[in-house]
Amino acid sequence: MHLPISDKIELNILHQNSHQAEKNKIKFNNYNLLCLNIMSSPGAGKTRLLEITLEDLSKKFHSAVLEGDMTTNLDAARLEKLNIPVVPITTGRACHLDANMVSGGLKLLEKKINPNLLDILLVENVGNLVCPAEFEIGEHFKVALLSITEGEDKPLKYPIMFREADLILITKVDLLPHLNFDINELKSNIASTNPKADVIEISSITKSGFDLWQDWISKKILKFKNN
Amino acid sequence: MHEVDMTKCLILSMEEWAEKKNKKKIVVEKINLKIGEFTCVEPISLINTFNAAVLGSWLDSSEITIETIPFEGKCSKCNRLYFPKKENGYKSPCCNFNLEEIISGRELKIASIDFKEK
């Protein structure tokens, strides 16, 4: 046996995932396809948000969804009713999508439609405020939802998720009159964690805020297509 | 739970590294990690998961060491460095400014690998 050698490699632990995420992004770019990674805790309203969003969005832009779920295809089945291409990705015991899963989902999507014909790919991640934040999938933007029933303190308790997000949607704001909830405190906590994030208040019941959200997406797609 | 996936990524990175070194001719003694405080990783969970995952494999005798990298921010008003605290909303204690620039604490790195040639 020889003397020990120390090899200083300074390599990201998640480099395998990051490498695949970079390959996914190159594919999205080659297809001229904007990809959004939609994340939140379970029950914050991701699937309902997509249902309402896609009713209008798919009239203006060719859209598709990769639907991450741990054990069922229930959410994918809801979105398939909108007559857009939907690929379910069942993660099993994994509590987040990773770049390899999204690569596999993209291959299945390619069998359903030529991605060159698409403008936007919405990836609904598994409901979880911890893991999805650390695993890149090749997205262009991260969108985090936070429902007001979760409490004002969540950006401080789960800072990585809200720090990484480009846009934070505060959902279920129609419930504000019925709850002892301080939305200004929530916004202050979001600003503390991520002062650069865009923030939109939204309700899937009254549809308030959907105009701003649709506008945000439209601008991102048009800017992406023009670059 | 994500420590399992982090461990998978770590082992894959180790496999990739070992292929370049001729895996059969080396014994890995230590894998030295740098983990930032502002990440989703719990060091003890990562160590336990790794130890369970490598049982009976070529990494069975290797040990994980973790250097914790402090979470440090920079006040965007006066440029002073500070350690952001959740209790203070991560704001700078000097000027009470929101956390804009993170200097350190997001590291998830294999810093170095200590090994012997057989």
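Which strand of chain B pairs with strand 6 of chain B in the antiparallel sense, and over how many bridges?

A: That's strand 1 of chain B (residues 26-36), which pairs antiparallel with strand 6 over nine bridges. Quick housekeeping: this is a predicted model, where local features need pLDDT of at least 70 and side-chain atom pairs count only at pLDDT 80 or more, while totals for chains, interfaces and linings use all residues. Residues are numbered from 1 along each chain as its sequence is written, with chains lettered from A and ligands numbered from 1 in the order in which they are written.

Strands here are DSSP E runs of at least two residues, helices are H or I runs of at least four, and both are numbered from the N terminus; two strands pair if DSSP finds at least two bridges between them. Within that chain B pairing, N32(B) sits opposite S112(B) of strand 6.

Strand 6 of chain B (residues 108-117) also reaches across to chain A: six bridges tie it to strand 1 of chain A (residues 5-12), again running antiparallel. There, D7(A) has I113(B) as its bridge partner.

Zooming out, chain B has two helices and six strands, in the order α-β-α-β-β-β-β-β from the N terminus. Its radius of gyration (over C-alpha atoms) is 18 Å, well over the 13 Å from the globule rule (2.2 Å times the number of residues to the power 0.38) for 118 residues, so chain B is more spread out than a compact globule. The C-alpha trace spans about 55 × 25 × 15 Å along its principal axes.
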